[in-house]
Amino acid sequence: MTIKENVKRILNNVDAAKAASSYSNQSVSVVAVTKSVEANLAREVFENGISHLAENRTELFLEKYEALKDCEITWHLIGNLQRRKVKKVINHVDYFHALDSLKLAQEISKRAEHLIKCFIEVNISGEESKHGFSVDELKVTLADFSELENIEIVGLMTMAPFDATESECNDIFGRMKELQVEISEMNIPKIPCTELSMGMSRDYEIAIKNGATFVRIGTEFFKDL
């Protein structure tokens, strides 16, 4: 297989999942997670039509950002971010997918020189090992996010457990969609919450059928090279 063939296969799967869902009218952004490959392979993904790239660690993000500065990439930071590292990276980021505390949001807003589009991380499955807000914690904290100058809460993010069955994924992703709609309908300033970041290589098609608008796909792009 080549990256070109993998990109084509993934985009065909995305289109098929959209067509089979109740959300066929909404767009789905495919984000290529390039944390496991060198910059030359990330560039090849971009050159084959995927303009959204993601890294999960600050150092790797900065390396790829520098190596691919000549490309018009929309950059996503998807991993947990320590407050002491915010200053180093945040002004190169377009979307941040792992906002898991108000203190982190405050630090991002303080250090950012442009509006950062953020997804609040929700631990809707209740896994002890997962970061993120519980649903109850989120609802009492929402108003505080709207007061931050350089942050816009564009949506919510979650991950299904690694060993989740299709039925369990449907349950988790379905509940996330309901929560996203509920928050969006609150019409809180700076919290449009119209987007839903969920679904990875193993479950992105299930996520799309449940309303995901951003899917974070890594290994599928580099399969069988």
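Predicted model: local features only at pLDDT ≥ 70, side-chain atom pairs only at ≥ 80, totals over all residues.
Contact here means heavy atoms within 4.5 Å.

## Helix 7 and what it packs against

Helix 7 covers residues 166-184. It has 19 residues and reaches 27 Å from its first C-alpha to its last, close to the 27 Å expected at 1.5 Å a residue. The buried positions in this helix are Cys 169, Ile 172, Phe 173, Gly 174, Met 176, Lys 177, Leu 179, Gln 180 and Ile 183. An α-helix has 3.6 residues a turn, so residues three or four places apart point the same way. Which elements do the buried residues of helix 7 pack against? Their partners are helix 6 (135-145), strand 6 (151-157), strand 7 (195-197) and helix 8 (204-209).

The side chain of Gln 180 makes a polar contact with the side chain of Lys 177, at 2.9 Å. Leaving out residues up to four places away in sequence, Gln 180 touches Leu 156, Cys 193, Thr 194, Glu 195 and Leu 196.

## The largest nonpolar core

The largest nonpolar core holds 76 residues, and the members that touch the most others are Phe 96, Leu 99, Leu 156 and Phe 221. Helix 7 supplies the largest share of this core, with six residues. In soluble globular proteins, nonpolar side chains tend to be buried together.

What does Leu 156 contact beyond its neighbours within four places in sequence? Among its contacts are Met 176, Leu 179, Gln 180 and Ile 183. The list also includes Phe 119, Ile 120, Val 122 and Leu 138, along with Cys 193, Glu 195, Leu 196 and Ser 197.

## Strand 4 and its partners

Is strand 4 (residues 95-99) enclosed or open? Five of its five residues are buried, so strand 4 is largely enclosed by the rest of the structure. Strand 3 (residues 74-77) pairs with strand 4 in the parallel sense over two bridges. Strand 5 (residues 116-121) also runs parallel to strand 4, and three bridges join them. Tyr 95 takes part in both pairings: it is the bridge partner of His 76, and its own bridge partner in strand 5 is Lys 117.

## Salt bridges

| Lys 139 | Glu 182 | 3.0 Å |

Side chains of opposite charge can pair when their charged atoms come close.

Lys 223 is partly exposed, with a relative accessible area of 38%, while Glu 220 is buried at 15%. Salt bridges that share partners join Arg 9, Glu 220 and Lys 223 into one network. Glu 220 lies in the segment after strand 8 (214-217). Not counting residues up to four places away in sequence, Glu 220 touches Asn 6, Arg 9, Ile 10 and Ser 201.

## A last stop in helix 3

Tyr 65 belongs to helix 3 (residues 58-67). Is Tyr 65 buried or exposed? It counts as buried, because its relative accessibility is 18%. Setting aside residues up to four places away in sequence, Tyr 65 touches Trp 75 and His 92. The C-alpha atoms of Tyr 65 and Ala 39 are separated by 9.0 Å, and the two residues are 26 residues apart along the chain.

Terms used. Residues numbered from 1 in each chain as written. Heavy atoms only, no water. Helix = DSSP H or I, 4+ residues; strand = E, 2+ residues; numbered from the N terminus. Polar contact = N/O pair within 3.5 Å; in protein donor to acceptor, adjacent residues only side chain to side chain. Core = buried A, V, L, I, M, F, W, Y, C linked by side-chain atoms within 4.5 Å. Buried < 20%, exposed > 50% of the residue type's maximum accessible area, 1.4 Å probe, protein only. Expected span 1.5 Å × (residues − 1). Salt bridge = Lys/Arg side-chain N within 4 Å of Asp/Glu carboxyl O. Pairing = 2+ DSSP bridges.
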